[in-house]
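Colleague: I would like to learn how to read a model like this one. Can we take it feature by feature?

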Amino acid sequence: MIEAIILLISIAHCEPGHIKSAAVSRLNVFTSSRLITNESIIDELNKDHQLEIDDPRAVLSFVLRSIPDNVNIYPTENYYYFKFFHHGVIYAGNIRLDAADRDDGVIHFTYFRDVHDKSQLNMRTIHIDYNDDLLMERLDSLTYRVTFDGKVTVFNLNDLSEVKPLSNHIRPDEVYIGSIFDESGIQFFLVFNNVTKNFLYILNDIHRVQDQMVKTDISQHIIVGLRTRFAFYKDHNLERFILIGVVKENVWNNNYYDGPFDQLPDNFIDGETFGDAFRLSNPTFPFAIDRFGKTSSTTRVLIRPYALYEVEDDLYHFDQCAKRFHNSEMEYYKCFDIND
């Protein structure tokens, strides 16, 4: 759980305008952040773990018994992420309540070694349902109770049904697909432009963005998050920021900052809105897809108009393109889709 705790530390901060004294400021820090020490990490490494790491059912039971009885799933593709130590190695994984089959009583469980050498991942993925002695009960549209190996856990999915973009987030020629809550803690609006036939991820900045954005030297229109390193372009025509870049290394490492391509707004897709948009943007796509963009139970179309960058200079072409086509809105918005 180390990375999750570090994430909480990095996004929690005090609002200076609401602090009346230095004493209150210090109190705010201690009550809003969590501290983790090197001592606690080494103590965890030194524990004699008896977990049968090669048995997915045993690992699932361990994970469920290690989390509270009532938990929240924030990412909008409904992944509950976790990490733990075992014999000196960090393991990572997720429990997923997929919108496509959770009402059939199925959960998806994946775990792997969180190591740089991808040949050593030793990834395990299983689908578990009532045939595996798992009971999944739907309490309401976004609340599910899971019973497995004697442990009962309630999963609360992220209710973004009332989260809507403002008028300066969406153009008249764009279709709003849905709200995204990324595992990084950053929120987006996924939109589709009916004229340029491309998708865009728009920063949801209605409330406080859980990062600190800084301007870059390459353009006054490009900002980058200090924590996430997500790069955004300030739209010339609207008061909004378009996602243009994610650090390539984060994608390779498959960490919490690999971008929103894997957190589509599954719980709030209206009918065939997403499927129709994808087919318009990819008229020669050779496979049939369902309304979530799946070609099979394990394969899904990739919505990634943004670039994978190594240094900020890699983003300069976005600014050049936007300036060149500033007077042609159709060409202008194509600038933010690397596929174009």
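Colleague: Which residue in E5 is the bridge partner of Thr110?

Modeller: Strands of a sheet pair through backbone hydrogen bonds, either parallel or antiparallel. Here the partner of Thr110 in E5 is Thr125. E4 and E5 pair in the antiparallel sense over five bridges. Two strands count as paired if DSSP finds at least two bridges between them. Helices (H or I, at least four residues) and strands (E, at least two) are DSSP runs, numbered from the N terminus.

Colleague: What should I know about the source?

Modeller: This is a predicted model: local features need pLDDT of at least 70, side-chain atom pairs count only at pLDDT 80 or more, and totals for chains, interfaces and linings use all residues. Residues are numbered from 1 along each chain as its sequence is written, and side-chain values use heavy atoms, with hydrogens and water left out.

Colleague: What is the mean pLDDT of the protein?

Modeller: pLDDT is the predictor's confidence in each residue, from 0 to 100. The mean is 90, and 91% of the residues reach 70 or more. Over residues 1-30 the pLDDT is below 50. That stretch still has 36 contacts in the model beyond near neighbours in sequence (contact: heavy atoms within 4.5 Å). Where pLDDT is low, the predicted coordinates should not be read in detail.

Colleague: In what order do the strands of the open sheet run?

Modeller: The order is E2-E3-E4-E5, with antiparallel pairing. E2 and E5 are the edge strands, each pairing on one side only. Neighbouring strands are turned by 15° against each other on average, direction ignored. Helix H4 (residues 56-66) lies across E2, E3, E4 and E5, at about 95° to E4. Axes are lines fitted to C-alpha atoms, for helices over the stretch in contact, and angles run from 0 to 180 degrees between N-to-C directions.

Colleague: How many residues lie between E6 and E7 in their hairpin?

Modeller: Two residues. E6 (residues 135-140) and E7 (residues 143-148) pair in the antiparallel sense over five bridges. Arg138 has Tyr144 in E7 as its bridge partner. E7 then pairs with E8 (residues 151-157), again antiparallel, over six bridges. E7 and E8 also form a hairpin with two residues between them, and Asp149 in the turn has a positive phi of about 55°.

Colleague: Which strands and helix each supply at least two residues of the lining of the largest pocket?

Modeller: Strands E2, E3, E4 and E5 and helix H5 (248-253) do. The lining divides into 14 nonpolar, 13 polar and twelve charged residues. Ala, Val, Leu, Ile, Met, Phe, Trp, Tyr, Cys and Pro count as nonpolar, Asp, Glu, Lys and Arg as charged, and the others, Gly among them, as polar.
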